[in-house]
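The sequence and coordinates come first, and the discussion follows.

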Amino acid sequence: MMGASFDKEDASSKLDLMMDTMYEFVSKCNDDEVRKGIAPLPGVIQTLETLTSYEDIAFGLVTGNVEGIARRKMHALGIFDTGALTSLSKPPRLGGRVWEGMEDKRFLGGFGSDFCSGNLDDQTRNYLDRGEQLAICVQRCMEELCHPDHQIERVIHVGDAPADILAAKNYAHHPSKPENVSVGVIGVATGSYSVEELRELCGERVEGVWEPVILDEGVGVGNMEAFISACGLKTDA
């Protein structure tokens with residue numbers, strides 16, 4: 001929609017309509033059609049199931065995808081059924097929308113349908129938009145806690161691409177980030193980018209502010225012990 005043959009302002013004004021149309025199409029697909037060509041990496045489901053045994057941890061999804069489509073994917077892939085994604089009990093806020101047919105599949109997250117600058121001329125928007133989506137996810141988590149004795153101490157973003165590393169790094173200094181909350185990223189070189197590429201983007205570690213971890217080549221969420229350790233958790237929860 002944002003190509004040179006389109007008026008950018010006109011195209012941007014139709015983003016919501018485009019996302020609604022995308023969701024309408026996906027909502028008519030069955031699970032086999034939704035998960036065609038995609039699958040969790042080996043061990044991921046088992047790691048997520050194990051993480052559900054840990055207390056005082058909330059899990060969310062941050063993605064540039066439309067929220068309703070993300071819900072369908074997580075359900076079709078069996079990720080929603082692990083119980084790892086933190087369900088939301090409060091009505092949608094912060095721009096959240098009702099996605100027909102997925103009302104009982106609401107979970108914590110920040111999505112492209114929550115924030116999309118629509119700016120393809122500025123390449124930094126790729127990670128800056130993701131940073132805003134991460135900020136929305138954290139804000140929703142705070143709203144869901146909604147109790148003075150429950151406060152966020154640490155935010156960890158997991159990803160396999162430069163945009164994921166830079167989005168988390170940007171959020172470490174985001175104006176909405178609660179004071180005294182440390183931000184970390186766990187980079188997993190299970191996609192198209194190497195350990196060296198991801199590590200270089202992290203920059204210097206600042207204790208209590210920015211705490212990145214890049215796992216070894218090919219080690220990811222499915223490598224349960226290594227991943228849980230990178231989260232700063234004990235493996236015998």
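How many disulfides does a search of the whole structure find? The search finds zero, a disulfide being a pair of cysteine sulfur atoms within 2.5 Å. This is a predicted model, in which local features need pLDDT of at least 70 and side-chain atom pairs count only at pLDDT 80 or more, while totals for chains, interfaces and linings use all residues. Residues are numbered from 1 along each chain as its sequence is written, and side-chain values use heavy atoms, with hydrogens and water left out.

**Cysteines**

For Cys-116, the closest cysteine sulfur is that of Cys-137, and because the two sulfurs are 18 Å apart, they are too far from each other for a bond. Cys-141 is likewise in no disulfide, with the sulfur of Cys-137, its nearest, 6.9 Å away. Cys-116 is partly exposed at a relative accessible area of 37%, whereas Cys-141 is buried at 13%. In these terms, buried means under 20% relative accessible area, exposed means over 50%, and partly exposed lies in between (1.4 Å probe, protein chains only).

**Aromatic rings**

Rings of Phe, Tyr and Trp (its six-membered ring) pair if their centres lie within 6.5 Å; planes under 30 degrees apart count as stacked, over 60 as edge-to-face and the rest as tilted. By this rule the model holds three aromatic pairs. Two of them are set out below.

| Pair | Centre distance | Plane angle | Class |
|---|---|---|---|
| Tyr-23 and Trp-99 | 5.2 Å | 70° | edge-to-face |
| Phe-107 and Phe-111 | 6.2 Å | 65° | edge-to-face |

Which parts of the chain does the pair of Tyr-23 and Trp-99 tie together? Tyr-23 belongs to helix α2 (residues 15–27) and Trp-99 to the loop between α5 and β2, so the pair links parts that are 76 residues apart in sequence. Helices (H or I, at least four residues) and strands (E, at least two) are DSSP runs, numbered from the N terminus. Both partners are buried: Tyr-23 has a relative accessibility of 7%, and Trp-99 has a relative accessible area of 3%.

Phe-107 and Phe-111 also belong to one aromatic cluster together with Phe-80. Phe-107 is buried at 1% relative accessibility, and Phe-111 is buried at 0%.

Is Glu-67 buried or exposed? With 6% relative accessibility, Glu-67 counts as buried. This residue is placed in helix α5 (residues 67–76). Contact means heavy atoms within 4.5 Å; once neighbours within four places in sequence are left aside, the contacts of Glu-67 are Arg-97, Trp-99, Phe-111, Ser-113 and Asp-114. Two of these partners, Trp-99 and Phe-111, also take part in the tabulated aromatic pairs.

**Loop residues**

Gly-83 is found in the loop between α5 and β2 (109–111) and is partly exposed, with 48% relative accessible area.

Asp-56 has a positive phi of about 60° although it is not a glycine. Asp-56 sits in the loop between α4 (44–51) and β1 (61–63) and is exposed, at 82% relative accessible area. Asn-180, also not a glycine, has a positive phi of about 70°. The loop between α7 (162–171) and β4 (182–187) contains Asn-180, which is exposed with a relative accessible area of 68%.
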